[in-house]
Amino acid sequence: MLLSSLVIVLVASTFLVQNRYYASQVLQAGAQDNARAATELMASEIRSVMLDGIIVAGPRTLTVRSPIVLATVCQALANQSFVHSPGGQSAIDTVEVAGIAIRDTISGAWTYAQASFASFNGSDAGAQNRCASTGADTVGSYNEFHEFGSLPALLGTTPALGDVLMLFRETTFTVQTSTMDTTVQGLFRKTFWSTATELASGFDTSARFQYRTSAGTYVDTVTTANLDDIDVIRMIVDTRKPAPTGGVEDITSGWSVNIALRNVR
Amino acid sequence: MMPAQNTTQREGGFVLGFVILMLFAISVMSATGYLVVSNEFSMSKHASESSEAVAVARAGLERFVAEQIGVVGDSVSYAIGDGIALVTTTRLSARDSLTDVYYVQSEASVSDVFTTNAPTQRTVGAYALHHRRPLAHHAQMLISEREIEVESSFWGYGQVHGIDSSTVADCPGGGATSITAAIALNQVDERSLVNGAPDSEIWANYQAMYDSIALRWDVLQDPDFPVEFEDQMPNFAALPADSFPVIRYNGNQYFSNSHDGRGLLIVTGEYDAWTSFDWEGIILAGSVDYRIYGDIRGMLVGGLDRANPGSKVEVRGGNFYYSCNVYAANESLSYLSLIENSVFEVN
């Protein structure tokens, strides 16, 4: 009888320990999956930020303007710019377009103007022929030409032949209390015209952004005057999951991701 | 009273059960561990392949632009690292008579040979300027040497002409505006015929010359930079009459009638020529021998390496400005340059 009880207790405790171990591992893997997927998504969006593209650089808030697509003017008229963009209009996520920017041909700096895509989008009819008349090769890329209007009013200058334009999105990433689980933090993404949506939850309060400047060191905040000095953004991903059973500490893990901004220099 | 043998059998059954239980526990732990590690491995691998694909795409783009000379090709692929970059170009407009705008796209795919997964693909694009005729027509002869002395001798009657000998019948743009005949650093000594508009000019220093011609001499003279013909002349008879190829001689080279031809001639070392040598097009030279013969119907730019062997260059051949030959050779010299801040990931 005693021996049987002992065996039952042993078996039960083994199963309990197994269950707890398995549950904690699954939670940890889940937290890492979440965070890694979110940082990958974030990295792909941040990596191509252009010069003058960082708007806010704080420890828990990051706002960037990143290119959705670049276009170049292949025929310039007073209030009509006929442009080429890779993939054409169908490749543009028009809902996310926060505005249009023009590149200064001398300094390479961008002048940004916030506007919806609809406010400057023109008719595509005949755009190919307009550009072909200035030497564009439209074979195989017939649908990649279209017309933008009202750009002088938006940009303060009339785009010239060969000027490079950028349709950009303006995205704000924040680390704040998760709406899915209020005991932890979440990573939120907000585009210019939309409300914030939660990309991932399960972050610890120590999760934050850091920025490398020309000094070579990472700091939590960069002031507005020095935003152009940032060349790497670091996401410190500390995750926290409440323990599956009581009497056990929360499950934590963490790593950091450095996203080099290739186009800001 | 039970026999002792039966008691031992019951204890043996307990141990067996316990061992099976422990084996089960170990199996569960191992399976859990494998699950975690496997997931982590897959995610890391995908993230790594994704980054590599971007790097391969960018490398392909940069390599294409760096190696491009002459007519811009439609597409080319490079094997880089574990991936392949396919670079394609589209001509978008002629910004002016000398510069075209191109869209250059590089699509990279990185595959993992150990899995059946589809290759990771990333694409980057950029805008580029195609400098169609990069060498400006400053002078028929431009040498970064203290003095150019145009003289006649028993072996040759020295002449340098900046008046265009081509006509519109030769090519569109022929009969161009006259240019300076000769440019040196200190003096152009006109002991024989020098005729241009003006006849000669004195430029401040080597740097002024180098900057003004706006050529990528460091690239052109690099043995790793691919050109059409290396250290040998092509069989010009086998080439179309309007073909002006790029020929590069590495090091010093002496030219005679066996080298007669046309095109863009690059001499990375010292250029020297005998009376029988005839060339149509452009000659770019690291340095120029103190005495040169031969006839050049086009342009000569010498002393690109700054150092010349003597304090002056004696010119004893006929040097004539043929704008049509220069145009044609200049097209072979054309190159792409990326528009700064225009590289982006194509979504």
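Residues are numbered from 1 along each chain as its sequence is written, and chains are lettered from A in the order in which they are written. In this predicted model local features need pLDDT of at least 70, side-chain atom pairs count only at pLDDT 80 or more, and totals for chains, interfaces and linings use all residues, while side-chain values use heavy atoms, with hydrogens and water left out.

**Exercise 1. Describe the interface of chain A and chain B.**

Step 1. Start with the residues in contact, that is, with heavy atoms within 4.5 Å. Chain A contributes 46 residues and chain B contributes 36 residues.

Step 2. Take the buried area, the accessible area (1.4 Å probe) that two parts lose on being put together, summed over both. For chain A and chain B this is about 3600 Å², with 59% of it on carbon and sulfur atoms.

Step 3. Look for salt bridges (a side-chain nitrogen of Lys or Arg within 4 Å of a carboxyl oxygen of Asp or Glu). The rule finds one salt bridge across this interface. Arg47(A) and Glu345(B) form a salt bridge through their side chains, at 3.2 Å from N to O.

Step 4. Helix 1 (2-46), strand 2 (61-76) and strand 7 (164-177) of chain A each supply at least two residues of the side that touches chain B. Helix 1 of chain A gives the most, with 14 residues.

**Exercise 2. Describe how domain 1 and domain 2 of chain B meet.**

Step 1. In chain B, domain 1 covers 1-132 and domain 2 covers 139-332. Taken over C-alpha atoms, the centres of the two domains are 52 Å apart.

Step 2. Find the contact. Seven residues of domain 1 of chain B touch eight residues of domain 2 of chain B, and the two domains bury about 600 Å² between them, 49% of it on carbon and sulfur atoms. Of the area that domain 1 buries against domain 2, Glu67(B), Ile69(B) and Arg132(B) supply 71%, more than any other three residues.

Step 3. Identify the salt bridge. The count between these domains is one. Arg132(B) and Glu331(B) are joined by a side-chain salt bridge, at 3.8 Å from N to O.

**Exercise 3. Locate the backbone features at Pro198(B), Asp231(B) and Asn341(B).**

Step 1. Most residues other than glycine have a negative phi, and most peptide bonds are trans.

Step 2. Take the peptide bond. From Ala197(B) to Pro198(B) it is cis, with omega near 0°. Pro198(B) sits in the loop between strand 10 (193-195) and strand 11 (200-202) of chain B.

Step 3. Take the positive phi values. Phi is near 55° at Asp231(B), in the loop between strand 12 (229-230) and strand 13 (246-249) of chain B. Phi is near 65° at Asn341(B), in the loop between strand 21 (335-338) and strand 22 (344-345) of chain B.

Step 4. Check accessibility (buried under 20% relative accessible area, exposed over 50%, partly exposed in between; 1.4 Å probe, protein chains only). Asp231(B) is partly exposed at 41%, whereas Asn341(B) is buried at 8%.

Terms used
Domains from an automatic or database assignment. Helix = DSSP H or I, 4+ residues; strand = E, 2+ residues; numbered from the N terminus.
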